[in-house]
Amino acid sequence: MKLTEQLGIHYPIIQGAMAQIAKAPLVAAVSNAGGLGIIASGGMSAEDLRAEIQKTKTLTDKPFGVNLMLMMTNIEELTEVIIEEGVKIITTGAGTPKSYMPKWKEAGIIVIPVVPSVMIAKRMEKLGADAVIAEGTEAGGHVGETTTMALLPQIVDAVSIPVIAAGGIADGRGMAAVFALGAQGVQVGTRFLATDECPVHPNFKAAVLKAGDRDTTVTGRRNGAPVRSIKNKMIKEYLRLEEENVDRDTLEQLTMGSLRKAVFDGDTDNGSVMAGQITGLVTEIKPCQVVIEEMMREAKAVAAGLIVE
């Protein structure tokens, strides 16, 4: 079965579950445009998630999903809400879904883990995942070490379930490229930051539009929690402290509340502006509908011209 049929969507484009950003306005806009919107539940209580799901339902009658960060302690409660609200698609990250998988499958939920390696992709398939998202280190937010170009075809060859590509995809050219490597769909995050419906501070969007190909960096590799963000005052201080091998608590103190500062307060100097290396291609704010339709048109045009004689 094709991925679009499996998920009940028109276009094979999934919106990345960006923490504190992927909420009802953006999720519904992507789903209404034919893609799959994903609510980011990280940091939410069960009541918060229920409210966000119900709000999304008022804005769209199309399929949408919920992302679960499995390191959170309230996954059982969030699972109950997802089942009660009838959400049928879950993406996962930051942990293994092993202990939750039976309950999700019993409820008829499609489970799609985000994976950074072949080993984990194979493990997720054995656990019963319906598809996997192969995310390269080009992506914004929490990342692995392998690039999308290298990671994707290896995972495609290693598993029999559909593979969705993520990391470094912002237009139809990138979409056509990963389809050539065996992907059945794409997960897009950074491009959706610069959309009319994305509920972030205008300063955050401006920082994304301004950033070029060398303006993101990864912090946290030394302590095992790598995150890609746009370089700013706070990031430079973090990297300086990392070089001095300061303790983890000091680093966490520096970044405490930093995402909220950027997303809601618009403090792009002291906040965390998570975005991918593809920011240099993101130069204009557009509606989600236009972004998705342009990606599809360009991908089809590129694919049509890829006949090698």
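Reader: Where is V143 found?
Author: This is a predicted model. Strand 7 covers 141–142, and V143 lies beyond that strand on the way to helix 7. The place of V143 is the loop between strand 7 and helix 7.

Reader: Is V143 buried or exposed?
Author: The relative accessible area of V143 is 10%. The cut-off for buried is under 20%. V143 therefore counts as buried.

Reader: Which residues is V143 in contact with, leaving aside neighbours within four places in sequence?
Author: H201 is 58 residues along the chain from V143, and their C-alpha atoms are separated by 24 Å. Contact requires heavy atoms within 4.5 Å. The residues in contact with V143 are E135, G136, T137, V218, R221, P226 and R228.

Reader: How many salt bridges does the structure hold?
Author: Opposite charges can pair when their charged atoms come close. The cut-off used here is 4 Å, from a Lys or Arg side-chain nitrogen to an Asp or Glu carboxyl oxygen. The total for the structure is eleven.

Reader: What is the N to O distance between K57 and E85?
Author: The side chains of K57 and E85 meet in a salt bridge at 2.9 Å, N to O. The pair links distant parts of the chain, 28 residues apart: K57 is in helix 3, and E85 is in the loop between helix 4 and strand 4. K57 is partly exposed at 37%, whereas E85 is buried at 13%. The distance asked for is 2.9 Å.

Reader: Which residue meets D130 in a salt bridge?
Author: D130 sits in the loop between helix 6 and strand 6, and its partner is in helix 5, 25 residues apart. The N to O distance is 2.5 Å. The partner is K105.

Reader: Which residues gather in the patch of negative charge on the surface?
Author: Helix 3 and helix 4 each give two or more residues to the negative patch. One member, E77, is in helix 4 and is partly exposed at 41%. The patch is made of E47, D48, E76 and E77.

Reader: Which residues of helix 8 are buried?
Author: Helix 8 spans residues 172–180. Its buried residues pack against strand 1, helix 7, strand 8, strand 9 and helix 14. They are G172, G174, M175, A176 and V178.

Methods. Residues are numbered from 1 along each chain as its sequence is written. This is a predicted model: local features need pLDDT of at least 70, side-chain atom pairs count only at pLDDT 80 or more; totals for chains, interfaces and linings use all residues. Side-chain values use heavy atoms; hydrogens and water are left out. Patches are made of residues with over 30% relative accessible area and no salt bridge: like charges are joined within 9 Å, nonpolar side chains (Val, Leu, Ile, Met, Phe, Trp, Tyr) within 5 Å. Accessible areas come from the Shrake-Rupley method with a 1.4 Å probe; for residues, only the protein chains shown count as cover. Lys and Arg count as positive and Asp and Glu as negative; His and the chain ends are not counted. The place of a charge is taken as NZ of Lys, CZ of Arg, CG of Asp or CD of Glu. Helices (H or I, at least four residues) and strands (E, at least two) are DSSP runs, numbered from the N terminus. Buried means under 20% relative accessible area, exposed over 50%, partly exposed in between (1.4 Å probe, protein chains only).
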